[in-house]
Amino acid sequence: MPSSSYWFDVVEDKLRFPKLDKAAAADVVVVGAGLAGVLTAYHLHTAGKKVILLEQNHVATGDTGFTTAFITRVLDADVPKLVQWYGVNRVKAIYQVYTEAQRSLIEIIQREQINCDFVSAPSTWYASPADWEIVQQLDSQAQWVVGDK
C-alpha cells in the first residue's frame, strides 16, 4: 500500500472528533470510519438507532483515504471470471447493489447539502469484444465505444 495519498497531502490531518474516553451506550457500534463505516452509521442513525462510530486513526485515513475518490458502480474484479464462477444472475445482483449504493450516496449528498464538490460522471468498463456480451447482460446502459489508438 502506498505511504501517501493525494487526499492526505491536501487535507489537513487533524482530529475532528473526540476520543471515546468513558463508557457509552448505543444500539449499534460501527467499527471503521471509512466510507462504508460512515454510511453504515448514517443509515442506522436515520433509522432511529443510537450509533457509536469508532475509528482507530482519523476518519477516512484507511482504505478510503487511499482511493481516487471515484464512487463507481463498476466491479473491481475480472467480470468474465466472476460470471464463470458465480453465474450471470449473482454477478448482476452484485452490480445492482453497487448501483444502489452509488445512488444512495448521491441522494445523501443532495439531501444533507454536503459541500464536497461532488460531480457525477459516467462509469467506464473496459471489455474485449469477446466479453461485451457479458457486460451487456450486467449493465443495460452500457454502450460499446471504440476509442482512438
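**Reading a predicted model**

Trainee: In which loop does aspartate 78 lie?
Mentor: Please keep in mind from the start that this is a predicted model. At 43% relative accessibility, aspartate 78 counts as partly exposed, and its C-alpha atom is separated by 9.9 Å from that of alanine 127, 49 residues apart along the chain. As for its place, aspartate 78 belongs to the loop between strand E2 (51-54) and H3.

Trainee: Which parts of the protein have the lowest and the highest confidence?
Mentor: For the protein, the mean pLDDT is 83, and 91% of the residues reach 70 or more. Where pLDDT is low, the predicted coordinates should not be read in detail. The lowest confidence, a mean of 76, falls in helix H1 (residues 6-10), and the highest, at 97, in strand E1 (residues 28-31).

Trainee: Which residues does isoleucine 134 contact, leaving aside its neighbours within four places in sequence?
Mentor: Isoleucine 134 is one of the seven residues of the largest nonpolar core, and two of its contact partners, Val79 and Val83, are listed in that core as well. With the neighbours within four places in sequence left aside, the contacts of isoleucine 134 are Val79, Pro80 and Val83.

Trainee: How many residues does the other core have?
Mentor: This other core lies apart from the largest one, and among its residues are Leu39, Tyr42, Leu105 and Ile109. Those names give part of the core, whose total is five residues.

Trainee: Why does phenylalanine 17 count as exposed?
Mentor: Phenylalanine 17 sits in the loop between H1 and E1, and together with Val38, Leu53 and Val59 it forms a nonpolar surface patch with about 330 Å² of accessible area. A residue counts as exposed when its relative accessible area is over 50%. Phenylalanine 17 is therefore exposed, since its relative accessible area is 55%.

Trainee: Why are the two partners of the salt bridge about one helical turn apart?
Mentor: The structure holds one salt bridge, which joins glutamate 100 to arginine 103, with the closest N and O atoms 3.3 Å apart. Both partners are partly exposed, glutamate 100 with a relative accessible area of 42% and arginine 103 at 44% relative accessibility.

Trainee: How far apart in space are serine 4 and phenylalanine 66, C-alpha to C-alpha?
Mentor: Serine 4 is in the segment before H1 and is partly exposed, with a relative accessible area of 36%. Not counting residues up to four places away in sequence, serine 4 touches Asp9 and Phe66. Although serine 4 and phenylalanine 66 are 62 residues apart in sequence, their C-alpha to C-alpha distance is 7.7 Å.

Trainee: How far apart in space are lysine 81 and tryptophan 7, C-alpha to C-alpha?
Mentor: Lysine 81 is placed in helix H3, and at 44% relative accessibility it counts as partly exposed. Along the sequence, lysine 81 and tryptophan 7 are 74 residues apart, whereas in space, C-alpha to C-alpha, their separation is 33 Å.

Conventions
Residues numbered from 1 in each chain as written. Predicted model: local features only at pLDDT ≥ 70, side-chain atom pairs only at ≥ 80, totals over all residues. Heavy atoms only, no water. Core = buried A, V, L, I, M, F, W, Y, C linked by side-chain atoms within 4.5 Å. Buried < 20%, exposed > 50% of the residue type's maximum accessible area, 1.4 Å probe, protein only. Contact = heavy atoms within 4.5 Å. pLDDT = per-residue confidence, 0-100. Helix = DSSP H or I, 4+ residues; strand = E, 2+ residues; numbered from the N terminus. Patch = residues over 30% accessible without salt bridge, like charges linked within 9 Å, V, L, I, M, F, W, Y side chains within 5 Å. Areas by Shrake-Rupley, 256 points an atom, 1.4 Å probe, with all protein chains shown as cover. Salt bridge = Lys/Arg side-chain N within 4 Å of Asp/Glu carboxyl O.
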